[in-house]
Protein chains: 2
Amino acid sequence: MKKSNTLVSSLWHLGIVLFLLGTTSSAYAQEKLKPLSIAHQGSFAIGGTKVTEPGTFELQNALKPQGQTFHGDHAYVFYQIPVNAHKYPLVFLHGAAQSKKTWETTPDGREGFQNIFLRRGFSIYLLDQPRRGEAGKSTVAASVTPTPDEQFWFTQFRIGNYPDYFPGVQFPKDSASLEQFFRQMTPNTGSFDGEVISDAVSRLFTKVGDGILVTHSQGGGPGWLTAIKNNKVKAIVAYEPYSGFVFPTGELPAPIKSAGLFGDLKGVEIPLADFKKLTRMPIVLYYGDNIAKEPTAVWNKDHWRGGLEMARIWAATVNKYVGDSTVVLLPEVGI
Amino acid sequence: MKKSNTLVSSLWHLGIVLFLLGTTSSAYAQEKLKPLSIAHQGSFAIGGTKVTEPGTFELQNALKPQGQTFHGDHAYVFYQIPVNAHKYPLVFLHGAAQSKKTWETTPDGREGFQNIFLRRGFSIYLLDQPRRGEAGKSTVAASVTPTPDEQFWFTQFRIGNYPDYFPGVQFPKDSASLEQFFRQMTPNTGSFDGEVISDAVSRLFTKVGDGILVTHSQGGGPGWLTAIKNNKVKAIVAYEPYSGFVFPTGELPAPIKSAGLFGDLKGVEIPLADFKKLTRMPIVLYYGDNIAKEPTAVWNKDHWRGGLEMARIWAATVNKYVGDSTVVLLPEVGI
C-alpha cells in the first residue's frame, strides 16, 4: 500500500488470517464460544424505483394493473450492530449467483464473515442486491430456468477441475458441504445491472454514513461504481473482482485474451473526473491460488489469470492518479 | 382451548400482547434497549431435490448441461439461539409473496417477531420457503414479470380499500412505511407447492428437533402438512391461514362462496389417518379485524370471512377427533 492506513492494514490481516485459518486459529476458536452481544439488528429495503401503470385503479378491477404501482430494483439489507461497535461498519456485497448467504455460515458449518467481524466489533450490513434473493422484485422481466450447471460452477470457482479437487484446496471434500454450496446459489429475477446495484448500495451508504465496502467477485464492478457515487465509502476490500473494471476515457486497456468460458476480459470507460474519485479511499483486492501465471487452455485458471491481470492494470491506473490501490495475490505473500 | 397447555397459553398471550401493543408496552420498550445475547447464529439450506441431466460432463463443454446437476426446492434458514434458550425453538414460515422479512423489522422500523421472541428467550428459525427469496433455485421453470399490483395487495391484506385505510387500522399511514411494505414482497421463482414446502420444513424439524411452527397466511396450508409429516412439530400458531385446509376423506365441506378475487374457498381431502396426526399438538389460529361477519360484496372483507369460516369448520373437525385447535378472532376477545 502506498499510504499507511491502520484501518485497511488491520482489515488486510484480519481478512486473510480469519478467512484462511478459520477454526484452526485457537484464539478464534475460543472467541467463537462467546455469545454475540448485539445492540441492535433488523432489516429494510433500500433504493430502487417505482413503475406506475397508466390508468386508474378501480377496487372492483383490482387484478388489472391499471393505475397500480410496482416498486422494484431495491436491495434488501440485514444489519447487526454489536455492542461498542467500531466507527466504520462493513457493507457486504455478494457476487454472481449468490446472495448475502455468502457471508454467513460456510458450506461446512463454520462461522462466516458475518460472525467473524461481529466478534471483532464491526457493524455488518449484508445485502441481497437488486433482483436477487429477498430483493427479488425487478422492474425488468426474467425467466428462471432450472439449467443443470453446477459442475460448471465447481470448476469456474476453482474448487478444482470437476470432478477433481485442486491439490491443497481449502474447500471441504465431503458431499454434504458441496450440496450446501450448490444450494446457496440463487437466480437473478431480472438482468444484472451494475448501475441499478450501485444506486442501491450508494443509497445504503447515504443512510448509514461512512463505512467500508466489502465485495465478492462480480460485486467488484458495482463496488467501484458505488464508491464513485458516494464519498461515504471510506475503503474497499474486493475479493476476486474479475469484471466491471472502470478506466478513464481514452485509457481503456486492450481486451485481455482468455480461454475462460466468458471470453476475453474488457474494461469499461468512464469520465476521468469519475475515475479520480476512486483515489479518495484505500482499496485492497485479494486473489487466491490456482490462478495461472501464463496463458493456458485450462479455462478456469485462465479466466482468473485474465481477471488478475486486468486488476493489476487497474490498480496501477488508480495509483497513477495518486490513489491507494493494492492487489494481493495470496500465494505471493506465502498463503 | 380444550386442553390446558401452558406452552400455548403463554404463546397465546405473548403473541397477542407483543404483536398488537408493540412499542406502546413500556415493559417491552425497556427490554428493547437491552443488547441481544446470541449464543449462536447461522444459516443453511434444508431439504430439496436434485436433478441430473443425462449424459457426461465434459470440462471443455462446461456450459452444456450434459451430466450436470441442479439442486433446488430447498428452503433457506437463518437461525439465532439466544443464551439460556427455552426448550422449544420457534420455526417461522411466511405467507404469499413474502420471505423471512415478514418476521424481521416492521415497515415502520419497529422490532418484529424475530427480535421480540429472541428477547423472550426463544430460539428462532426464519425460513425462505422453496422457490422464494434466498431459496430461489427451483426445479420447475418460472417467469418473473413486473406486474403493477400493489394497490391490489394493499386491499387484499386489509390495510384498507385502496386508497382508503380502514378506520383504526394499525398499519402506519406514512408513505415511507408503505413503500417498505411493498418492497418486502418478493416473487416466486417456481410455482407454489405445499408438498415441496412442507417436505423442506419437515426436514428442518428433523434437524432441529421438537419445536413450535409459526405460519402466516398462505404458509398455513404447508404448516398442516408439515405437522402431519413430522411429529416433532409440538404446537402450531397460524396467523390468518386461508387456504390449504385439509379434511379427512369424505368430510370435505362444501366450497364456501366468496366475493374474494380468488373465488370460492375449498378444502383439500387427505386420508383420515393423516388428518388425525393434527390432533397430536395444540393449534391456535389468529384472525384480525375488518373481516366481514356476513357475506358482502366488499371482496377483501369477504375473502377473509370465507377463510375464517373455513378455519372454524376445520378446527371443529380436528376437535371432533379429540384434537386441541382454537380459532381466535381478535375483535371477539376485545382487541
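## Note on the A–B interface

1. Polar contacts. Between chain A and chain B, 55 residue pairs are in polar contact, with both partners at pLDDT 80 or more. Keep in mind that this is a predicted model. On chain A, the side that touches chain B draws two or more residues from each of several elements. The strands among them are E1 (36–46), E2 (49–52), E3 (69–72), E4 (75–82) and E7 (142–144). The helices are H3 (113–119), H4 (150–156) and H5 (175–183). E1(A) gives the largest share, 10 residues. By class, this side of chain A has 31 nonpolar, 33 polar and 13 charged residues.

2. Extent of the interface. In chain A, 77 residues are in contact with chain B, and 77 residues of chain B are in contact with chain A. The area buried between the two chains is about 6200 Å². Carbon and sulfur atoms give 51% of that area. Three residues stand out on chain A: A:Glu134, A:Pro148 and A:Arg183. Together they supply 13% of the area that chain A buries against chain B, more than any other three residues.

3. Symmetry. Chain A superposes on chain B by a rotation of 180°, with 0.0 Å of shift along the axis and an RMSD of 0.0 Å. This is the relation of a two-fold axis. The same surface serves both copies, since 100% of the contact residues of chain A recur in chain B.

4. E7(A) is joined to strand E7 of chain B, residues 142–144, by three bridges. The two strands run antiparallel. Within this pairing, A:Val144 stands opposite B:Ala142 in E7(B).

5. Salt bridges. Over all chains, the structure holds 32 salt bridges. Four of them are found across the interface of chain A and chain B. One salt bridge to look at is B:Glu134 with A:Lys100, where the closest N and O atoms are 3.3 Å apart. This pair crosses between chains. B:Glu134 sits in the loop between strand E6 (124–128) and E7 of chain B. A:Lys100 sits in the loop between strand E5 (90–93) and H3 of chain A. Why can such a pair form? Side chains of opposite charge can pair when their charged atoms come close.

6. A:Gln180 is found in helix H5 of chain A. Its side chain reaches the backbone oxygen of B:Ala45 at 2.8 Å. Which residues does A:Gln180 contact, leaving aside its neighbours within four places in sequence? They are A:Pro107 in its own chain, and B:Phe44 and B:Ala45 in the partner.

7. Cis peptide bonds. The peptide bond from A:Tyr162 to A:Pro163 is cis, with omega near 5°. A:Pro163 is in the loop between strand E8 (160–161) and strand E9 (164–165) of chain A. Chain B has a cis bond from B:Tyr162 to B:Pro163, also with omega near 5°. There, B:Pro163 lies in the loop between strand E8 (160–161) and strand E9 (164–165) of chain B.

8. A backbone angle to check. A:Arg158 has phi near 60°, a positive value in a residue other than glycine. A:Arg158 lies in the loop between H4 and E8 of chain A. For context on this point and the previous one, most residues other than glycine have a negative phi, and most peptide bonds are trans.

Conventions:
Residues are numbered from 1 along each chain as its sequence is written. Chains are lettered from A and ligands numbered from 1 in the order in which they are written. This is a predicted model: local features need pLDDT of at least 70, side-chain atom pairs count only at pLDDT 80 or more; totals for chains, interfaces and linings use all residues. Side-chain values use heavy atoms; hydrogens and water are left out. Contact means heavy atoms within 4.5 Å. Buried area is the accessible area (1.4 Å probe) that two parts lose on being put together, summed over both. A salt bridge is a side-chain nitrogen of Lys or Arg within 4 Å of a carboxyl oxygen of Asp or Glu. A polar contact is a pair of N or O atoms within 3.5 Å; within protein, one must be able to donate a hydrogen and the other to accept it, and residues adjacent in sequence count only if both atoms are side-chain atoms. Helices (H or I, at least four residues) and strands (E, at least two) are DSSP runs, numbered from the N terminus. Ala, Val, Leu, Ile, Met, Phe, Trp, Tyr, Cys and Pro count as nonpolar, Asp, Glu, Lys and Arg as charged, and the others, Gly among them, as polar. Two strands pair if DSSP finds at least two bridges between them. Copies are superposed by least squares on the C-alpha atoms of residues with pLDDT of at least 70 in both.
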